[in-house]
Amino acid sequence: IQNLVNQNYEVIYNDDDKGEAADVIAIKTETTGNDIKLIIELYHCKFSSSSSPGNRLDDLYVVCGQAQRSAHFREDPIRLLRHLLRRNPIRRNGQEFSRYEVGDKNTLLAITQMAYQAEVIMKVFIVQPGVSISGLTEEQNKLLAVTDNYLMETYQLPFYAILSA
């Protein structure tokens with residue numbers, strides 16, 4: 001979230017919880033003449049299954065599975081935006097907290113209205129800092145390739161993995 005805040009998103013939404021679309025959703029619009037593009041990025045993160053971060057295949061399976069399950073929102077992005085509107089605020093220990101890291105309900109409502117006429121571009125990211133690019137195993141490479149192939153072939157969704165160097 002901290003890395004996204006300075007990148008001109010109109011909405012950054014923390015959806016991390018049961019029933020999430022993704023852990024973090026970042027949304028921005030681009031206007032060229034009369035053309036409006038709505039860019040929606042879904043970020044899936046997985047906490048380490050161990051006390052120390054590492055290059056574990058099981059952690060990568062979980063986050064790749066999350067990425068694949070969220071892809072259905074590509075078919076109906078307005079459903080995704082309504083999902084976000086319904087889930088705010090989050091309630092924990094009797095208190096309410098906003099899920100908006102950037103933007104607010106009014107901004108998201110305006111974007112939802114725009115989505116009916118805009119070209120929607122959706123992207124899926126996984127964030128696994130415990131996984132090292134230089135230390136990827138053959139199994140991990142295959143898993144990333146299968147996830148990329150599924151998202152692109154089934155939903156025309158670009159897939160990105162943010163890993164450690």
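The model is predicted: local features need pLDDT of at least 70 and side-chain atom pairs count only at pLDDT 80 or more, while totals for chains, interfaces and linings use all residues. Residues are numbered from 1 along each chain as its sequence is written, and side-chain values use heavy atoms, with hydrogens and water left out. Helices (H or I, at least four residues) and strands (E, at least two) are DSSP runs, numbered from the N terminus.

I begin with helix H2, residues 57-70. Among the buried residues of H2 are Leu60, Val63 and Cys64. Buried means under 20% relative accessible area, exposed over 50%, and partly exposed in between, with a 1.4 Å probe and protein chains only. The buried residues of H2 pack against strands S3 (35-45), S7 (119-132) and S8 (159-164), and against helix H5 (138-155).

I turn to those strands. S3 and S7 run parallel, joined by nine bridges, and Ile39 has Ile121 in S7 as its bridge partner. S7 also pairs with S8, in the parallel sense, over six bridges; pairing requires at least two DSSP bridges between two strands.

Finally, the cysteines. The structure holds zero disulfides, a disulfide being a pair of cysteine sulfur atoms within 2.5 Å. Cys64 is buried at 1% relative accessibility, whereas Cys45 is partly exposed at 31%.

Technical notes:
Contact = heavy atoms within 4.5 Å.
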